[in-house]
Amino acid sequence: QVQVVESGGGLVPAGGSLRLSCVASGRAFSTYAMGWFRQAPGKEREFVAVISWDNSITHYADSVKGRFTISKDNAKNTVYLQMNSLKPEDTAVYYCAASSSITTMTARSARGQGTQVTVSS
């Protein structure tokens, strides 16, 4: 089972940028699809982005499409989420997820501690 540690969150003004990182353990990292979910206070955890094991396929939630970019560096066992043009509604705890494929990834795939992103208006 892949263990993940997220980092890179912080406080940023609206319109700003952040890059989240997720370092994963395990020699099978290169075979995993990786994703990001987020959870705002009082809301359910929601899908943000996912990338296939070979970086050939990406999907984004409509709310972040065109602003966020997910990427995966298999040599570093790391997945990134570049977040641009941030909005106050992006404020949430962001969680990294690992799964054997894109189709099997769910919110339950995100087992890390998360990293807090706060966007001020």
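Which residues have the most contacts inside the largest nonpolar core? They're M34, W36, L81, M83 and Y94, in a core of 29 residues. By nonpolar core I mean buried Ala, Val, Leu, Ile, Met, Phe, Trp, Tyr and Cys joined through side-chain atoms within 4.5 Å. Buried is under 20% relative accessible area, exposed is over 50%, and partly exposed is in between, using a 1.4 Å probe and protein chains only.

Quick housekeeping: this is a predicted model, where local features need pLDDT of at least 70, side-chain atom pairs count only at pLDDT 80 or more, and totals for chains, interfaces and linings use all residues. Numbering runs from 1 along each chain as its sequence is written, and side-chain values use heavy atoms, with hydrogens and water left out.

Okay, Y94. Its contacts (heavy atoms within 4.5 Å) include W36, F37, L81, M83 and V117, leaving aside residues up to four places away in sequence.

Now, rings. Phe, Tyr and Trp rings (six-membered ring for Trp) pair if their centres lie within 6.5 Å; planes under 30 degrees apart are stacked, over 60 edge-to-face, the rest tilted. That gives us 1 aromatic pair: F37 with F47, edge-to-face, 5.9 Å between centres and 75 degrees between planes. F37 is buried at 5%, while F47 is partly exposed at 31%.

Last bit: charges over rings, meaning Lys NZ or Arg CZ within 6 Å of the ring centre and within 35 degrees of the ring normal. R45 has its charged end over Y95, 3.7 Å from the ring centre, and K72 does that over F29 at 4.6 Å.
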